[in-house]
Amino acid sequence: MSTVELTKDNFDQVVSDNDFILIDFWASWCGPCRQFAPVFESVSERHEDLVFAKVDTEAQQELAAAFEIRSIPTLMIVRDRVAVFAQPGALPEAALEDVIGQARKLDMDEVRKSVEDASAKEAG
């Protein structure tokens, strides 16, 4: 599957329609972003069951702000509409593969419960 460009207009639809999305927040002027791009593309070719998406933080400033992106590149993984990973910095290919493997192994029922518990604590 080719990489999807995420915008504020299609973001909710893409996240709702897909169970596992890797999002690369980037900008054209960012050297580390340009270094990470071929790694992201290469790994996407080996994981055709996952959605690989990119957010141009210059063109999509509202989206970047909504996720409090302060440093780019930032990689985020969303599973079942829950952000399960977010980390700034360009990952080497082996590290990206490792992160994907760890995200695949997550028990999403457990993740949702921990999100609910954290929300209850904040509200309580």
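E45 lies in helix α2, which covers residues 31-46. At 58% relative accessibility, E45 counts as exposed; here exposed means over 50% relative accessible area, buried means under 20%, and partly exposed is in between, with a 1.4 Å probe and protein chains only. E45 and L63 are 18 residues apart in sequence, yet their C-alpha atoms are 26 Å apart in space. Please keep in mind that this is a predicted model, in which local features need pLDDT of at least 70 and side-chain atom pairs count only at pLDDT 80 or more, while totals for chains, interfaces and linings use all residues. Residues are numbered from 1 along each chain as its sequence is written, and side-chain values use heavy atoms, with hydrogens and water left out.

**Overall fold**

- The chain holds five helices and five strands, taken as DSSP runs numbered from the N terminus (helices are H or I with at least four residues, strands are E with at least two).
- Read from the N terminus, the order of elements is β-α-β-α-β-α-β-β-α-α.
- The radius of gyration of the chain is 15 Å, close to the 14 Å that the globule rule gives for 124 residues, so the chain is as compact as a globular protein of that length. This radius is taken over C-alpha atoms, and the rule is 2.2 Å times the number of residues to the power 0.38.
- Along its principal axes, the C-alpha trace spans about 45 × 30 × 25 Å.

**Packing, surface and charge**

- Of the 124 residues in the chain, 40% are buried.
- Among contacts with a separation of 6 or more, 73% come from residues 24 or more positions apart; a contact means heavy atoms within 4.5 Å.
- The accessible surface of the chain comes to about 7,200 Å², and carbon and sulfur atoms hold 48% of that area. These areas come from the Shrake-Rupley method with a 1.4 Å probe, and for residues only the protein chains shown count as cover.

**The disulfide**

- The count comes to one disulfide, a term that stands for a pair of cysteine sulfur atoms within 2.5 Å.
- The disulfide joins C30 to C33, with an S to S distance of 2.4 Å.
- The link of C30 and C33 is right-handed, with 80° about the S-S bond.
- Both cysteines are tucked away from the surface: C30 is buried at a relative accessible area of 4%, and C33 is buried at 2%.

**Backbone spots to look at**

- Most residues other than glycine have a negative phi, and most peptide bonds are trans.
- The peptide bond from I72 to P73 is cis, with omega near 0°. P73 is found in the loop between α3 (61-66) and β4 (74-79).
- E68 has a positive phi, near 55°, and is a residue other than glycine. E68 sits in the loop between α3 and β4, and is exposed, with a relative accessible area of 55%.
- D80, again not a glycine, has a positive phi near 50°. D80 is in the loop between β4 and β5 (82-88), where D80 is partly exposed at a relative accessible area of 24%.
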